[in-house]
There are 4 protein chains.
Amino acid sequence: MTRIAILGATGYTAVELIKILLRHPEAEIVAVTSRQEGQPHIAMIHPSLTGRLDLRLEDLSPAEVAARAECVFSCLPHGASASVVSVLVDAGRRVVDFSADYRLNDAEVYAQWYGQKHADPARVGKVVYGLPELFREQISPAQLVANPGCYPTSAILALAPLLKAGVIDPRTIIVDSKSGVSGAGRTLKLTTHYPECNESISAYNVGRHRHTPEIDQVLSTVAGTSIEVVFSPHLVPMDRGILTTTYSQPIGQIGEEKVLQTIRDFYDDEPFVRVVDHFPGTKDSLGTNFCDITARVVRGRVLTFSCLDNLMKGASGAAVQNFNLMYGYPETTAL
Amino acid sequence: MTRIAILGATGYTAVELIKILLRHPEAEIVAVTSRQEGQPHIAMIHPSLTGRLDLRLEDLSPAEVAARAECVFSCLPHGASASVVSVLVDAGRRVVDFSADYRLNDAEVYAQWYGQKHADPARVGKVVYGLPELFREQISPAQLVANPGCYPTSAILALAPLLKAGVIDPRTIIVDSKSGVSGAGRTLKLTTHYPECNESISAYNVGRHRHTPEIDQVLSTVAGTSIEVVFSPHLVPMDRGILTTTYSQPIGQIGEEKVLQTIRDFYDDEPFVRVVDHFPGTKDSLGTNFCDITARVVRGRVLTFSCLDNLMKGASGAAVQNFNLMYGYPETTAL
Amino acid sequence: MTRIAILGATGYTAVELIKILLRHPEAEIVAVTSRQEGQPHIAMIHPSLTGRLDLRLEDLSPAEVAARAECVFSCLPHGASASVVSVLVDAGRRVVDFSADYRLNDAEVYAQWYGQKHADPARVGKVVYGLPELFREQISPAQLVANPGCYPTSAILALAPLLKAGVIDPRTIIVDSKSGVSGAGRTLKLTTHYPECNESISAYNVGRHRHTPEIDQVLSTVAGTSIEVVFSPHLVPMDRGILTTTYSQPIGQIGEEKVLQTIRDFYDDEPFVRVVDHFPGTKDSLGTNFCDITARVVRGRVLTFSCLDNLMKGASGAAVQNFNLMYGYPETTAL
Amino acid sequence: MTRIAILGATGYTAVELIKILLRHPEAEIVAVTSRQEGQPHIAMIHPSLTGRLDLRLEDLSPAEVAARAECVFSCLPHGASASVVSVLVDAGRRVVDFSADYRLNDAEVYAQWYGQKHADPARVGKVVYGLPELFREQISPAQLVANPGCYPTSAILALAPLLKAGVIDPRTIIVDSKSGVSGAGRTLKLTTHYPECNESISAYNVGRHRHTPEIDQVLSTVAGTSIEVVFSPHLVPMDRGILTTTYSQPIGQIGEEKVLQTIRDFYDDEPFVRVVDHFPGTKDSLGTNFCDITARVVRGRVLTFSCLDNLMKGASGAAVQNFNLMYGYPETTAL
């Protein structure tokens with residue numbers, strides 16, 4: 001049994017994380033934190049937790065968290081997260097960080113995309129990127145894991161096998177992603193006000209979205225060459241789910257079956273990647289930790305289509321998968 | 001041609017009103033007001049108006065409005081509206097007020113339900129309720145019209161014929177309403193944040209919703225006896241539309257066909273009420289000024305089902321219908 | 001470990017049932033049946049099951065089913081279900097029947113509402129209604145359980161405590177229900193074609209819905225007097241969830257707190273009923289086996305508001321709850 | 001006043017067309033046809049037309065149609081349309097054909113993509129493609145106009161200015177389109193059954209969608225060189241609207257402002273194309289005949305984003321725009 005604290009527990013990734021951990025036989029949630037005034041019961045914030053978790057939100061210092069919990073999931077926003085996580089790690093706690101703070105290996109790239117100096121630059125570049133399908137061996141012993149972004153997971157899982165096998169030209173990658181609204185978080189914004197975004201689809205932050213350098217970095221690592229993708233996120237009127245469509249030029253002639261087989265071989269033993277023949281819908285993986293992938297070759301281009309639930313494989317499911325690896329529990333426990 | 005100003009032009013009723021007036025051959029929009037900083041172009045706030053209306057939002061005083069426009073539509077919130085409208089009316093302008101300020105005939109009832117003293121108590125009780133199907137003759141010559149609430153319109157249009165004909169017992173009325181999210185306005189709230197209200201239905205403000213006394217008052221006038229309804233509003237995951245289901249006891253035995261015929265007769269010459277045999281869906285009247293009504297008798301109870309678009313017949317469509325009556329334009333112009 | 005067959009496995013209740021049973025430590029799914037041609041793999045019909053259940057749909061006779069499985073969940077349509085279930089029960093198998101065939105205690109009432117003679121009249125009236133909150137003791141030893149309808153569960157759970165305590169007048173009950181579209185099943189119909197029902201709400205089958213006699217019967221049993229409710233179902237543009245609003249007259253004067261306390265006391269030890277103070281949204285119980293209930297007293301009427309997931313507590317979750325009781329597994333296993 | 005017949009009036013494009021024509025001062029709908037049995041009133045099929053159009057569906061021969069109407073809008077499916085339209089054109093009627101039958105200039109390409117021989121091969125290649133922004137002069141005098149597909153309109157309007165100006169490399173075009181469900185029509189299919197497609201996004205028919213050769217052909221004409229695009233359509237959970245994102249390589253270095261200016265200049269006098277700076281959402285043009293376009297340059301690629309309402313500028317709005325040109329009415333009448 002592992003004693004767990006969850007920092008920043010008012011958001012959507014936190015409530016999803018709590019629901020997974022509640023069915024995890026080896027997890028005990030001992031603290032949920034927030035700066036919310038008045039220490040409300042967690043069920044006041046998330047009515048779906050009524051009768052399921054009897055804890056109040058507390059405004060705890062990092063030291064208080066470290067005193068209570070062995071393992072910490074930080075759902076704090078970027079910037080805020082690193083300054084707390086660094087204290088916890090110094091105190092010997094193991095941490096899964098949902099924020100982007102430790103995902104990028106270069107503090108300057110971080111500063112450029114996130115518009116602020118990194119709060120814990122000494123650790124930057126030494127933290128494993130928590131995508132088990134690529135970095136399982138480094139995750140298991142890690143004290144700190146940078147939980148991946150939702151868009152990057154969908155793009156990287158689709159493209160990594162093809163880059164690794166040298167099937168596609170790394171200079172030609174386009175990533176066109178479509179996400180449900182929960183990906184934008186629980187903070188009130190006009191763009192996610194129901195009558196604004198319902199029954200409408202639009203692109204946003206194209207060329208400026210902060211997941212861009214994250215996709216670049218991991219794909220570059222995989223390919224062994226510097227990659228810069230064109231990344232276009234779109235907001236879709238649905239709660240959950242990401243569909244990422246990628247376009248790239250093959251290196252040489254390649255058939256569709258070969259592309260599919262390359263991806264299939266890569267994920268042969270993976271419990272949470274399903275390589276399928278049909279075009280997956282995001283609903284197929286809704287509420288699960290699966291990522292569904294297929295591919296096509298159209299007029300000489302390689303296309304991939306990958307779906308996942310942004311709150312599960314795109315966030316909290318992945319976090320628990322990492323937690324399971326870190327603590328030696330079966331990787332699929334509670335997922 | 002009538003020169004029109006629209007006050008409080010950043011909300012959903014205002015943009016809908018603008019779209020209707022843009023196709024009205026006798027309406028010219030000369031001012032749109034808001035306290036929004038920087039006097040942004042209206043299309044910056046409502047992108048759907050791009051290329052359709054070339055005006056900036058202005059923070060005008062009532063006197064400035066009166067100097068520019070002959071007719072004013074006030075989309076200001078309750079409380080704020082009366083203090084501006086009273087000046088405009090004193091200045092001789094004709095006004096359609098979207099707020100609740102002049103709907104109730106009793107300043108004490110207003111104070112009780114709206115939690116504030118009325119800003120223009122002298123006019124309370126002397127303003128016509130802008131429901132042409134009941135009060136057409138008073139609307140035509142009126143200088144000030146109180147535009148009805150969306151829920152009240154749906155309930156009143158369904159019940160008025162039955163009360164007038166003495167078919168139902170006024171002490172037994174239950175009003176169960178279901179509304180799309182645009183009815184809650186454009187102000188950001190957690191309850192109308194997309195991931196909170198999408199794929200969910202819930203009741204809200206039952207017993208405390210401010211449309212309750214408005215329904216009471218108009219039905220009481222129609223019935224000639226004091227009526228207090230039980231009113232339950234529900235929030236439905238869709239942009240627009242209200243479906244109101246009512247339940248009441250008949251006076252004596254009555255058949256379904258008689259109930260339907262009573263309603264049909266009442267609205268025989270009405271251009272915007274359609275009495276139908278099937279169960280209407282809110283989509284049937286989406287984007288139109290129609291209210292669709294049917295009725296059933298089930299196990300001795302009389303049930304009515306009425307649908308309308310809350311931004312059209314429930315707000316801006318009704319306002320233009322009133323405007324047409326006030327200015328002697330054909331009642332259906334632009335609708 | 002219990003060997004389980006699922007009959008009629010192409011619909012939404014079946015796929016939901018499969019997902020629950022896949023996480024049940026004591027359940028093994030050994031057969032999934034359908035008349036679907038060509039015995040397709042279950043994942044061809046339900047892509048969400050890819051990699052999770054490796055079975056083909058088979059067109060098995062009742063005898064073949066009985067030979068393979070110890071426990072059978074029948075998701076066959078009414079009429080078809082009784083003729084198969086009767087054979088299975090005769091062969092000694094234990095059955096949870098999702099259809100309405102064994103819910104009503106009177107074959108004539110069945111014939112009247114379902115428009116056909118009952119296929120197994122000898123058993124009618126001897127089968128327990130599978131609502132553990134009311135009939136737990138009869139469910140545990142039962143060989144055959146009639147799994148309740150989704151609307152009835154939401155209405156009965158809200159009203160039973162008040163009827164049992166004599167708090168409300170049984171002659172005055174109105175049930176206004178709002179359901180997501182999955183409740184209408186997977187058979188293609190114009191009314192559930194996306195562009196028809198999306199962004200629209202409408203009533204349907206008012207006074208004729210087949211769940212009416214089921215609500216009547218169970219409430220009558222609870223109250224010890226004959227009850228006929230007025231039942232109005234509405235179709236809401238969302239996948240899952242039912243919100244039922246009920247209206248009734250109290251017997252004598254009663255306060256809101258007393259009403260709430262009556263319901264609270266009734267469900268004190270129940271694992272799946274949450275009596276709450278706020279107005280529940282259907283999203284609070286989405287994907288869970290909970291039923292959330294609150295109540296209000298408005299102008300002398302008693303109102304209840306109850307929410308559940310129609311595919312969980314309204315169907316497959318309830319079925320597994322019954323299964324757990326029948327086989328002596330902890331009642332909340334896999335739920 | 002022009003006497004109009006609408007063929008195949010049961011679908012979504014037909015009902016939208018009727019609504020536009022009802023507000024057209026010079027259009028009189030004299031016949032609506034369908035093979036629907038029993039000649040139901042049009043309002044039985046489309047309840048939204050209740051009280052607005054008093055016609056029954058009739059199963060008329062082409063000769064009967066020609067006898068009644070001067071102008072015919074054919075909403076018949078491809079294949080069926082050409083065989084009727086050819087008779088009408090021979091009889092001297094003017095026709096706007098919503099089907100794909102006359103859009104392609106090559107009967108062999110038609111046969112290849114539509115899987116059938118063309119019913120009127122003699123006319124193939126001689127019919128104007130009804131996109132006024134490109135072919136206004138040929139549309140005005142035309143007897144027969146091939147109304148464009150919804151996806152092609154969104155892609156062509158975005159790309160034509162850039163191809164014409166030689167700004168982008170015609171060999172590098174990727175078209176990633178996202179459409180609401182009404183684009184799939186009113187015929188019942190599992191993929192458009194509400195619980196299947198709601199809350200889900202998926203790609204479909206990638207590389208095989210029949211709008212592919214249509215996009216190819218018109219862009220080739222514009223560019224003066226043979227173009228083959230990669231086209232990926234996606235189904236989005238909303239009623240209406242298409243967002244098309246395109247990716248292409250610029251010829252030489254080009255800045256974002258230059259790209260935007262090229263598009264702006266091209267559509268300078270167009271009443272229905274709005275070139276905007278922000279990312280348009282499909283809701284901005286919902287219910288209108290506008291196409292909203294913006295562009296970006298990201299990491300050396302040119303990206304365009306175009307939105308339209310698939311039932312308006314993507315179908316019925318465009319058809320009335322063509323009708324207005326053909327009959328010399330102001331081009332924006334009723335739009």
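Q: How many cavities of 30 Å³ or more does the structure hold?

A: Rolling a probe the size of a water molecule over the atoms shows where empty space is left. Here there is one cavity of 30 Å³ or more; a cavity is a set of points, on a 1 Å grid over the protein atoms alone, where a 1.4 Å probe fits but cannot get out. This is a predicted model, in which local features need pLDDT of at least 70 and side-chain atom pairs count only at pLDDT 80 or more, while totals for chains, interfaces and linings use all residues; side-chain values use heavy atoms, without hydrogens and water. Residues are numbered from 1 along each chain as its sequence is written, with chains lettered from A and ligands numbered from 1 in the order in which they are written.

Q: Which residues line the second largest pocket closest to its centre?

A: A pocket is an open set of points with protein on both sides within 12 Å along at least five of seven lines. The second largest pocket has a volume of about 240 Å³. It is lined by 13 residues, with B:Tyr267, B:Val273, B:Arg274, B:Val275 and D:Thr50 closest to its centre. Strand β12 (residues 273-275) of chain B gives the largest share of this lining, three residues; strands are DSSP runs of E, at least two residues, and helices runs of H or I, at least four, numbered from the N terminus. By class, the pocket lining has six nonpolar, two polar and five charged residues.

Q: What rotation superposes chain B on chain C?

A: Two copies of a chain are related by a rotation about an axis and a shift along it. For chains B and C, the rotation is 180° with 0.0 Å of shift, and the RMSD is 0.0 Å (least squares on the C-alpha atoms of residues with pLDDT of at least 70 in both). The two copies are therefore related as by a two-fold rotation axis. In chain B, the C-alpha of B:Pro237 is nearest this axis, at 3.3 Å.

Conventions. On a 1 Å grid over the protein atoms alone, a cavity is a set of points where a 1.4 Å probe fits but cannot get out, and a pocket is an open set with protein on both sides within 12 Å along at least five of seven lines; lining residues have an atom within 4 Å of a point. Grid points are joined across faces, edges and corners, and a volume is the space filled by probe spheres set on the points. Ala, Val, Leu, Ile, Met, Phe, Trp, Tyr, Cys and Pro count as nonpolar, Asp, Glu, Lys and Arg as charged, and the others, Gly among them, as polar.
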